[in-house]
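I opened the notebook to go through this structure one topic at a time. The entries follow the order in which I looked things up.

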Amino acid sequence: MTGTNRTAGRDDVTTRDQGHLRRKPKLAILINSFRGGGAERVVSLLLPRLSQDYEVFLVLLSALGFAYPLPENQKTFVLPGEEFNDWPNIVRLPSLARQYQRYLEEHEIDVSLSLLNRPNFINCLVKRRGWRGAVLISERAVSSQFYKSGFRKVVGGLLIRRLYPYADTIISI
């Protein structure tokens with residue numbers, strides 16, 4: 001799979017459970033970018049804590065800028081082809097879902113958490129395509145306000161109605 005990997009070292013990927021070594025569950029976090037914004041800030045604050053219990057993989061749709069610091073050994077991957085693509089975002093969703101599902105399967109991810117609409121759509125598409133891990137989506141906006149009118153309202157509303165039921169858990173903030 002092509003794309004951009006940024007890995008600085010390797011975390012301890014095992015934990016002790018009643019004297020036995022066991023593998024930490026693997027968690028992928030899918031967001032648009034790390035350029036800045038509320039969801040990105042939340043992820044930057046959660047990463048150090050989540051890394052104590054999970055082997056965390058940060059997956060981005062764009063590598064344009066990193067506004068927040070990442071933990072030293074954070075595994076980061078950027079899905080290829082997003083920065084300079086002229087196709088509308090909606091057309092790219094199936095392709096991004098295929099690439100993301102391949103990444104999840106290659107890295108044996110147990111749980112996929114997404115924040116923001118487009119990553120949520122991709123995450124739900126992956127589940128719809130048969131990925132067996134747990135899909136958690138975080139809805140951080142009031143969708144009826146975000147998709148107020150026109151094309152965005154029709155398509156966004158349709159995607160939410162058709163795809164969100166595939167999520168194992170929906171976190172509404």
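**Entry 1: the chain as a whole**

I started with burial: 43% of the 173 residues of the protein chain count as buried. The model is a predicted one, and I looked up its confidence next. The mean pLDDT of the protein chain is 83, with 76% of the residues at 70 or more. I noted residues 5–11 as a stretch where pLDDT stays under 50. For this stretch the model has 20 contacts beyond four places in sequence.

I then looked up the secondary structure, which comes to 5 helices and 9 strands in the protein chain. I wrote down the order along the sequence as β-β-β-β-α-β-β-α-β-α-β-α-α-β. Among contacts with a separation of 6 or more, 65% are between residues 24 or more positions apart.

**Entry 2: aromatic rings**

How many aromatic pairs does the count come to? I get 5 aromatic pairs. In the pair of F34 and Y68, the ring centres are 6.1 Å apart and the planes stand at 90 degrees; the angle is over 60, so I list the pair as edge-to-face. F34 sits in the loop between β4 (26–31) and α1 (38–53), and Y68 in the loop between β5 (55–60) and β6 (75–78), so this pair ties together parts 34 residues apart in sequence. I checked the accessibility of F34 as well: its relative value is 0%, so F34 counts as buried.

The pair of F77 and Y103 has ring centres 4.6 Å apart and planes at 20 degrees; that angle is under 30, so the pair is stacked. F77 belongs to strand β6 and Y103 to helix α2 (residues 89–106), and the pair links distant parts of the chain, 26 residues apart. I find both F77 and Y103 buried.

I also recorded one aromatic cluster, formed by F34, F66 and Y68. As for charge over a ring, K75 lies over the face of F57, at 5.5 Å from the ring centre.

**Entry 3: salt bridges**

How many salt bridges does a search of the whole structure find? The search finds 4, and I looked up several of them in turn.

R23 forms a salt bridge with D110, and the closest N and O atoms are 3.1 Å apart. Strand β3 (residues 20–23) holds R23, while D110 is in the loop between α2 and β7, so the pair ties together parts that are 87 residues apart in sequence. R23 has a relative accessibility of 41% and counts as partly exposed. D110 is partly exposed too, with a relative accessible area of 27%.

R49 forms a salt bridge with D53, with 2.8 Å between the closest N and O atoms. These two residues are 4 apart in helix α1, so about one helical turn separates R49 and D53. I have R49 as partly exposed at 46% relative accessible area, and D53 as partly exposed at 39%.

K127 forms a salt bridge with D168, the closest N and O atoms being 3.0 Å apart. This pair links distant parts of the chain, with K127 in helix α3 and D168 in the loop between α5 (150–163) and β9 (169–172), 41 residues apart.

**Entry 4: positive phi**

Most residues other than glycine have a negative phi, so I looked up exceptions. E108, not a glycine, has a positive phi of about 50 degrees. E108 lies in the loop between α2 and β7 (111–115). Its relative accessibility is 54%, so E108 counts as exposed.

L116 has a phi near 85 degrees, also a positive value in a residue other than glycine. I place L116 in the loop between β7 and α3 (117–128). With a relative accessible area of 23%, L116 is partly exposed.

Methods: Residues are numbered from 1 along each chain as its sequence is written. This is a predicted model: local features need pLDDT of at least 70, side-chain atom pairs count only at pLDDT 80 or more; totals for chains, interfaces and linings use all residues. Side-chain values use heavy atoms; hydrogens and water are left out. Rings of Phe, Tyr and Trp (its six-membered ring) pair if their centres lie within 6.5 Å; planes under 30 degrees apart count as stacked, over 60 as edge-to-face and the rest as tilted. Buried means under 20% relative accessible area, exposed over 50%, partly exposed in between (1.4 Å probe, protein chains only). A charge sits over a ring if NZ of Lys or CZ of Arg is within 6 Å of the ring centre and within 35 degrees of the ring normal. Contact means heavy atoms within 4.5 Å. pLDDT is the predictor's confidence in each residue, from 0 to 100. A salt bridge is a side-chain nitrogen of Lys or Arg within 4 Å of a carboxyl oxygen of Asp or Glu.
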